[in-house]
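Me: Hi! I'm new to this one and would like a friendly walk through it. Could we look at it together?

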Protein chains: 2
Amino acid sequence: MIKVELAALAELNASAQAVMRQARAQVLAKMGTKMTVAEKTGRKDLVTNVDRSNEHFLVQQIRRLDPAAQILAEEGLGDEVKSMAGHVWIVDPIDGTMNFVHQRNHFAIMMAFYIDGEPTLGYIYDVMGDKLYAGGPAVGVTLNAEPLAAPLDVSLADGLFGASAPLLIHDRFNMQQVVSTSLGPRIVGSAGIQISQVLAGELVGYLSYLRPWDFAAGRVLGESLGLVISQVDGTPVNMLSSGAVLIATKSAQRAILAIVK
Amino acid sequence: MIKVELAALAELNASAQAVMRQARAQVLAKMGTKMTVAEKTGRKDLVTNVDRSNEHFLVQQIRRLDPAAQILAEEGLGDEVKSMAGHVWIVDPIDGTMNFVHQRNHFAIMMAFYIDGEPTLGYIYDVMGDKLYAGGPAVGVTLNAEPLAAPLDVSLADGLFGASAPLLIHDRFNMQQVVSTSLGPRIVGSAGIQISQVLAGELVGYLSYLRPWDFAAGRVLGESLGLVISQVDGTPVNMLSSGAVLIATKSAQRAILAIVK
């Protein structure tokens, strides 16, 4: 097992935040130029030259900070990661590419660091809102370098719920009852933004079909703040596979797990 | 008919923007103190002391600027307006009160001015985003005092769609097909914020059951920017009654009206 001392971790955390700020500046600069947009699996699944160039930058910077680590990155410029043993970084260069292309707003850059499968550091950058959520269980969680208070343990009935459009429309997992038990659904179209809203206490939970890079950073930050993350059936998430993932307050998770089918 | 000359209108526009900025500052200050929250028609329909105090302030300021006008205001502190003849102001002191209370984000202050039923001036203030959309057909539309370019006439299939949760879940007006024709739905829970996203080109349209104060400012600003607003069956909106209201690009409106049932 490769351990990292707290001082080294705090230094890594500072360096990683600097990388995130540099990544944001580069993405903003590229938004002023002509972007190339391509479809991945269909017209609702996009990738741009900025996703690729930003992933290239992040992978390069992680190699510099942590040369022996493995890197799992959305656009495939990292490694083929088959195990969470040792140091693993998980990267989403642009989360919410649809919003990035069609709204030029409401998208995030995300990065997470796990040691032997343990959530260690996480970063969610709401680019246009200029809000960087950063940290982990050992170093604490900050929003733009200021300590972030843990959200209150609000119940499902007393909060707004972050929904995914397909799950809501097709009533997967009894989602419509989850939503009607809550004060109402909110749909932003970026896991990073919606998870950051759970961190900020704006939503009591968020449920969506997610891939590892969609929830890796949110898991680190959420667990550090007393939130819970699980698969929709309550079992632990697997950092190397996709599925319906729930991040919520403890109280909202209990209520949601009792409703989902 | 009470006419207003362009110079007088420009002056009124400047004064109204100053009122909006003052209202925002007061609302922000009150968010730092303990708020009183009450239910209106149920647990999902809230009003706070800040809705009331801000409406009181706005009504007072409008009386100062335009003493002979009638004022239609959400919380009932204005007049009982029965006709759109003459000068009519329409006020929503906090649009998205649920978000205001439970997110402390994603809510708007709105105000609109009609002369003999003609859209003349409109204001949508995204309070936490600090974005003031202001103006009208004669004076032009600004975002934070800078001219705002009209959004492109993007088609439904090429854009994101602002949905209302009840209409989407219950598939009213064939809303699920509208959404699946678009690139996806977005739900924010504030008509003011979602209409401002249509103005900004982030959404190609927004359909929801709305009351006059929910769409009065959006109509002025939207029509000034070449957007179209109508009832869901394509007939003109009535400024003194509620209904399912659509604001969209011309092209998206055509596609949506062909889908709705």
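Me: How many salt bridges are there between chain A and chain B?
Reply: The count is 0 between chain A and chain B. Keep in mind that this is a predicted model.

Me: OK, and how many residue pairs are in polar contact between chain A and chain B?
Reply: There are 27 such residue pairs, both residues at pLDDT 80 or more.

Me: Which elements of chain A give two or more residues to the side that touches chain B?
Reply: Those are α3 (97–102), α4 (165–169), α5 (175–181) and β11 of chain A. The largest share, 4 residues, comes from α5(A).

Me: What kinds of residues are on that side of chain A?
Reply: They divide into 12 nonpolar, 12 polar and 6 charged.

Me: What area is buried between the two chains?
Reply: About 2400 Å² is buried between chain A and chain B, and carbon and sulfur atoms give 50% of that. The contact takes 30 residues from each of chain A and chain B.

Me: Switching to the sheet: what's the strand order?
Reply: In chain A, an open sheet of 5 strands runs β11-β10-β12-β14-β13, with mixed pairing. β11 (185–186) and β13 (228–231) of chain A are at the edges with a single partner strand each, so one side of each has no neighbour in the sheet.

Me: How do β12 and β14 of chain A run, parallel or antiparallel?
Reply: Antiparallel: 6 bridges join β12 (residues 205–210) to β14 (residues 243–248) in chain A. As one example, A:Tyr209 has A:Ala244 in β14(A) as its bridge partner.

Me: Which helix packs on the sheet?
Reply: Helix α8 (residues 250–259) of chain A does, touching β10 (161–162), β13 and β14 of chain A. The direction of α8 makes about 140° with that of β14(A).

Technical notes. Residues numbered from 1 in each chain as written. Chains lettered and ligands numbered in written order. Predicted model: local features only at pLDDT ≥ 70, side-chain atom pairs only at ≥ 80, totals over all residues. Heavy atoms only, no water. Pairing = 2+ DSSP bridges. Contact = heavy atoms within 4.5 Å. Axes fitted to C-alpha atoms, helices over the stretch in contact; angles between N-to-C directions. Buried area = accessible area lost by both parts, 1.4 Å probe. Salt bridge = Lys/Arg side-chain N within 4 Å of Asp/Glu carboxyl O. Polar contact = N/O pair within 3.5 Å; in protein donor to acceptor, adjacent residues only side chain to side chain. Nonpolar A, V, L, I, M, F, W, Y, C, P; charged D, E, K, R; others polar.
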